[in-house]
Structure formats: C-alpha cells, structure tokens
Amino acid sequence: MLIERAMSFAIEKSWFEVLKEEIQKPYILKLKDFLKREKERGFIIFPPPALVFNAFRLTPFDSVRVVIMGQDPYHGVNQAHGLCFSVQKKVPIPPSLRNICEELRQDLNLPSATYYGCLENWARQGVLLLNATLTVRAGKSLSHYGQGWEIFTDAVIKKLCLKKDRLVFILWGRIAQKKCENILNHIEHSHVILTAAHPCPYSVKNFFGCRHFSKTNVCLKNWGQDPIDWSLEEVE
C-alpha cells in the first residue's frame, strides 16, 4: 500500500464518522504533503503505512473504555505497529515496555515470565493505545512532531472526552499528562485520570507501584463493565 493511500484517512468506520470534519481541515493536507516529501526524499517511515491507524482499527470509537497515551512510534525496524508502547510479536521488548510488563506483573501478582511485547489483546478489549504522533522517520525519534499529528490526536481525545460513557485515561509521563490536561480541564467530564511517571529507565522509580492496571479494573467494575484481561501471551 502506498503511503499516500494510507494517509487518505480511510480509518475504521466509527472513527471516520466521528472525525470526518476534522480530516477535511487544511492542516491534514499539509500533513499528507509532509509525509509524501519524506517518502520522496528516501526516508523510511514507521509504522508501515497499513498500520498507521491500527489503534483505531482494533479499538472502534464505541468500544473505547480505556485510553493509554504515548508519544511517538518506535523508530526501529519491525517495532512500531500503530499501538503506543507495543511492538510486534517476537521483537525484543524495549526498556519502557519491559518496565510496563514488570509493573503489570507486580500489580496483578502474575508469575515471573517472558512475554510478548505485543499489546493487541488490550486493544481488542477497548484499550485505545494512542500515540500523540502516528508516524516517525526510521532511526530518529520525534522526527514527525510539529507536522500536524498532534492536532489530529488532540481532536481524537476531545471526541473521547465528550463521550457519555466514562473512560479511564492512563497518562504516563509529563508529555502525556500535559497533552490531555489541556483538553480535560476545559470539558465537563466524569472520566477517571490516572497519572504516573513515564516507564522509561530514567523515571521508572516513580512509575513502579502506580498499580494502574488494577485501579483501572476497579473503575470498570464499579461502572458495571467487564475488567480488562491485562495478561500478555508468553513467548513460545
């Protein structure tokens, strides 16, 4: 699939209905032009075009129950697949994700094990794994910041905030917290916001012990919803 086609915003139907006015705005055209130029200059873009909107495909708008906010996709080969913090199966787990897995194990008293870093199971249960920026140049983190993605994902968060059903927002790190704070503070809502330090090695001491997985499930149960099965598939 050509990247121009992927950037046509042919996203999952329920999301298209919610965002169809947003994707007609001028900044979207500029974003498409930027991505086209990146390709013409010979840069490799992650994730692959078919997976740029993977989070929306796996978690339709009406299915969202939890939002985990990331920054931008992994910039290594075969890592990014459109879900924040997640990597494709059998790809080595990056440090931040490894720390997330360790917090998960401690929080839910899971046995020690080696897990896939693929979080698709979470997405299929209503956990929107959303990055602030949906593409990145290979080998260069934050390289697609300031090109329009952040405006688009702000619109996504705003639409979610206006949902009648309550949501749990899991915000790890200052950037995720600031991004959502600007929207949540200006909208009347009854959503639950869980914050902690980013799980990267530099701040993980303040991340461990946040117990966001069990806290999220308590909220969902209190709202009469099924809890999230946070378990990750073991490597064969």
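**View 1. Met69 of strand E2 faces its partner in E5.** In this predicted model, Met69 stands opposite Leu171 of E5. Four bridges link E2 to strand E5 (residues 168-172). The two strands run parallel.

**View 2. Strand E2 also pairs with E3.** Five bridges join E2 to strand E3, residues 127-131. This pair, too, is parallel.

**View 3. Strand E2 is covered on both faces.** E2 spans residues 66-70, and five of its five residues are buried. Side chains in a regular strand alternate between the two faces of the sheet. On one side of E2 sit Val66, Ile68 and Gly70. Val67 and Met69 are on the other. Both sets are buried.

**View 4. Four strands make an open sheet.** The order is E3-E2-E5-E6, with parallel pairing. E3 and strand E6 (192-196) are the edges, each pairing on one side only. Neighbouring strands are turned by 20° against each other on average, direction ignored. Helix H7 (residues 149-161) packs on this sheet. H7 touches E2, E3 and E5. The direction of H7 makes about 155° with that of E3.

**View 5. The largest pocket and its lining.** The volume of the largest pocket is about 470 Å³. Its lining comprises 22 residues. Nearest the pocket centre lie Asp72, Pro73, Tyr74, Ser96 and His198. By class, the lining has twelve polar, nine nonpolar and one charged residues.

Technical notes
Residues are numbered from 1 along each chain as its sequence is written. This is a predicted model: local features need pLDDT of at least 70, side-chain atom pairs count only at pLDDT 80 or more; totals for chains, interfaces and linings use all residues. Side-chain values use heavy atoms; hydrogens and water are left out. Buried means under 20% relative accessible area, exposed over 50%, partly exposed in between (1.4 Å probe, protein chains only). Two strands pair if DSSP finds at least two bridges between them. On a 1 Å grid over the protein atoms alone, a cavity is a set of points where a 1.4 Å probe fits but cannot get out, and a pocket is an open set with protein on both sides within 12 Å along at least five of seven lines; lining residues have an atom within 4 Å of a point. Grid points are joined across faces, edges and corners, and a volume is the space filled by probe spheres set on the points. Ala, Val, Leu, Ile, Met, Phe, Trp, Tyr, Cys and Pro count as nonpolar, Asp, Glu, Lys and Arg as charged, and the others, Gly among them, as polar. Axes are lines fitted to C-alpha atoms, for helices over the stretch in contact, and angles run from 0 to 180 degrees between N-to-C directions. Contact means heavy atoms within 4.5 Å.
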